[in-house]
Amino acid sequence: MRDGVLAEPIDLVKHPPGRAQLRRAVMVLAALGLLFAVLVPAAGVPLPHAPEFLPIYLSTLIASNFVTGILLLGHVHTRRSLALGILALGYLFTALIAGAHMLTFHGLLGDEGVLGGNPQTAAWLHAAWHALYPLFVLGYSRSARGRLAGAPLPPHFMRIGALLTALFVSLLVLVGTTGAPYLPRLIDGTRTLPLYHGISVAILALSVYVLYATVQKRPRTVLDVWLTVAMAAWVFEVGLSCVFNTGLYDLGFYAGRLYGLSTSLFVLGALAIDNIALHARLHATFEEMIETRAHAQWQSLLGTVLRQLPDGVLIVDARGRCVMANDQATQMARHFGADGVKGMLDLICEPVARAISGRAFDDAMIESVQGGARRVFAVSGAPLRESAAELAAAVIVIDDITERTEASAALARALDQTRYLIENTPLAVIEWDRDLVITLWNRRAEELFGWSAGEAIGQRIDGMGIIHEGDANQVDTMIARLIDSGTRYAKSANRNRTRDGRALCCEWYNSVLVDEAGEIQTVFSLVLDVSEREAAMHSLREADGRKDVYIATLAHELRNPLAPIANAASLLRSKALAPERIEWIAAMVARQTDQMARLLDDLLDVSRISRGKIELRRVRVDLGRLLRETLQTSMPLIEAGRHQVALRVADEPLWVDADPLRLTQVFANLITNAAKYTPPGGGLELGLRREDNQAVAWVADSGVGLAPDMLERVFDPFVQAGSASHLAQGGLGIGLSLAKGFVELHGGSIRADSDGPGRGATFLVRLRLCEEPAMAPGEVLPVPDGAALGKHILVADDNVDAAESLAWLLRSEGATVMVAHDGAEALRLHRERPARIAVLDLGMPHLDGLELAGMLAQDAPRPYLVAVTGRGRKEDRAASLAAGFDEHFTKPVAPQQLIALLRKVPEVPETPAAP
């Protein structure tokens, strides 16, 4: 008897091994392995022939395997386990084939063995024996998991299996004896042949795999542990007696067979010890049963005492019938309807049965619902014994815990909700006492500050290093105000430190909890990390400042070209202007218009890059030639600043796969930037070299330089070096941003270097090189011949100045032009006199350009349709072509580009092919 409860027998094939069993198994394995390591080098050493060794060895092996199989059969019939059935058949097979091996071994029980055959018969039976036994073990391991795990033993499995095993061994003996002359030779006298060693190596590999499968078997039982030891001994036997030895009667021959005998004895020993222990447990259980019956007498009833107890008390006999109930129990029974006490006992029949059988209980609960009222009762019970220690009855105590249960449930819910909120709130929750010692540190506090709860709890809050040294005085003042004054709540915003040294901006919401005497019990702090918010606010303030500067600069840059254009308009109103002055005014207006166009194009390019809408038109480009040409176009600005330029370009051509127009923008922006931010008379350097498979181009200057914090920010849009704003000469601060965007679109990189303010700056561009093209790409467009345009053209634009100025330009080239300022008027003019070419704006009243183009495209003959609009996105161009336009230009369009296109339009439209 153990603690008054019958001890459950330990099942060898069911229970997991204890630590002591595992330790013993490991020690045995270590001893076997150490001995194997000592014997292997000497496995081939010949020893004297011992005639009595094999009969003793094989007889012992046969007997141990039969006994092992019989003991396993006992577990098979108890457990009805398929896996154990397979293992039992494996030991039966081993016993039978070991007997066959002994009866066919030449010179053992007869010169040619008892069953006949030749010397190869015993060798082949030995090989079959050692190849097939591991398969039985593997079948046991595999059938204990997967789909076969827990599979019941099929009917008559053991009878049929034993019969088939005996027949199979008989078949092997028959083949080995009658077919002996045809068997390949495995031994020659006492020496083993290479074929024998090859088969043995395969058997060894199979045995090692089965050993691995046995080790991996889950769940692992005590039997599995000793079966693993047995398989390890089997592997050592195969290694010594089949692989590492050289023949019969050497050291490996004898030692290996002793290992084989241990394979059976390990499992047999475990089963025998378990069988002995099982008998001991059965005997102890029987004695416990006798002792329990000896105590089954009535104890004296304590009715008078029990009736005075405030709890309900029931006494039940050995059959579970109530023999006494006090007044409280009778009143409680009314909550269970007409059945009364019997109804209560029916609800707790199982724990009452336990008490009657001698086991006390105190964990039973019963409920009653009557008239909408719910009552909860706690039930406990214990056996009553006579002086002879026999069970006489059981006492059942019933306690009405309805109010306590409801209060406990409400408290538990509140505590659970509080714990959940504390652990899952996005705020760090820290609780600390009057001595500043931390008593609570939730999961968010761990994530925020880096210390675990185990590390933080018990530490002083001002001694952990979470308070930023710059805000220590502010925090000390706040703590003193909470501890030493009557303040019950305080909010503070200060910096904190994390475990890895990072600085955080946090808001602390501190509440003081006091007891009935007004003494501080604890301080409850909620900590909110506002670092990202503060960083975002700082970034927003910086962005707002840059926005103001950008708007002011944009207004200034747009007004600059408008002033000379307005002056030119005033001059043109004068009647007495010399032709050369008119030519000068036209050139000036063209220059200012180009400047505004470049400004707007740059703004659009920045937007397109940020949205990934830029398309590169890549060709093979000689980067050195492109740099030289870009420098030539920038020479007017360089010469105006009286700068000295050094050109250091590699002699060999360096080819890159790039868009030449965008790369020209990149280097033009870099050269212009260097010229603008270098005081007059400074120096510039433009260079190009090869580094591995990259081309490295640089633009260096001796100008104002860059502070370290500007080296990365200088590529942000609308950023200009504040110390050199007087040298900016206008501009929006987007040139370097464009350069960075275009370079990265090409798969390259751009970097700014500077030794500091006043020491110049260098911008390096890296691009991947490509192979040299077979011939220079591109074609030279023919120069317009200046012939008169001579076509009838319709111009439609709701901007009157734009429409009239374009009409005068086209008339100056010899065209006849009709002008309309809305779509409906344009359609009417075209119906009255069809135009060969229609130049249309898209955003017009009454009828927009897309609708108008769709109508004109249906005419026969069809006019040539050109869109000239302020809409320059890729989607706008696609919409124009889908509506029927032949070309799409974004305002402002270069006049000569438009005129060159219109000259190419044939006088007579091509006749469409018949459908």
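## First stop: helix α6

Select α6 and look at its buried residues, which are Tyr196, His197, Ser200, Ile203, Leu204, Ser207, Val210, Leu211, Ala213 and Thr214. Buried means under 20% relative accessible area, exposed means over 50%, and partly exposed is in between, with a 1.4 Å probe and protein chains only. The model is predicted: local features need pLDDT of at least 70, side-chain atom pairs count only at pLDDT 80 or more, and totals for chains, interfaces and linings use all residues. Residues are numbered from 1 along each chain as its sequence is written, and side-chain values use heavy atoms, with hydrogens and water left out.

Helix α6 covers residues 194-216, which is 23 residues. From first C-alpha to last, α6 reaches 33 Å, close to the 33 Å expected at 1.5 Å a residue. The expected span is 1.5 Å times one less than the number of residues. Helices (H or I, at least four residues) and strands (E, at least two) are DSSP runs, numbered from the N terminus.

Contact here means heavy atoms within 4.5 Å.

## The whole chain

Zoom out. The protein chain has 27 helices and 24 strands. Of its 915 residues, 43% count as buried. Among contacts between residues at least 6 apart in sequence, 65% join residues at least 24 apart.

Select histidine 156, in the loop between α4 and α5. Its phi is near 60°, a positive value in a residue other than glycine.

Next select Ile160, Leu163, Leu164 and Leu167, which make a nonpolar surface patch of about 400 Å². Patches are made of residues with over 30% relative accessible area and no salt bridge; like charges are joined within 9 Å, and nonpolar side chains (Val, Leu, Ile, Met, Phe, Trp, Tyr) within 5 Å. The areas come from the Shrake-Rupley method with a 1.4 Å probe, and for residues only the protein chains shown count as cover. Isoleucine 160 lies in helix α5 (residues 157-178). Isoleucine 160 counts as partly exposed because its relative accessibility is 47%.

Which strand holds tyrosine 509? Tyrosine 509 is in β11 (residues 503-514), and its relative accessibility of 22% makes it partly exposed. Its side chain makes a polar contact with the side chain of glutamate 507 at 2.6 Å. A polar contact is a pair of N or O atoms within 3.5 Å; within protein, one must be able to donate a hydrogen and the other to accept it, and residues adjacent in sequence count only if both atoms are side-chain atoms.

Then select threonine 522 in strand β12 (residues 520-529). Threonine 522 is buried, with a relative accessible area of 9%. Its side chain reaches the backbone oxygen of tryptophan 432 at 3.2 Å. Not counting residues up to four places away in sequence, threonine 522 touches several residues, including Thr439, Ser511 and Val512.

## Salt bridges

The structure holds 20 salt bridges. A salt bridge is a side-chain nitrogen of Lys or Arg within 4 Å of a carboxyl oxygen of Asp or Glu.

- Select arginine 444 and glutamate 447: their closest N and O atoms are 3.6 Å apart. Both lie in helix α14 (residues 443-449), 3 residues apart, about one turn of the helix.
- Select arginine 495 and aspartate 471: the closest N and O atoms of this salt bridge are 3.2 Å apart. The pair links distant parts of the chain, with arginine 495 in strand β10 (residues 489-497) and aspartate 471 in the loop between α15 (453-456) and α16 (472-484). Aspartate 471 is buried at 10% relative accessibility, whereas arginine 495 is partly exposed at 33%.

Select aspartate 692, in the loop between β16 (683-691) and β17 (694-701). Its phi is near 55°, a positive value in a residue other than glycine. At 72% relative accessibility, aspartate 692 counts as exposed.

Finish at proline 861, in the loop between α25 (849-856) and β23 (864-869). The peptide bond from alanine 860 to proline 861 is cis, with omega near 0°.
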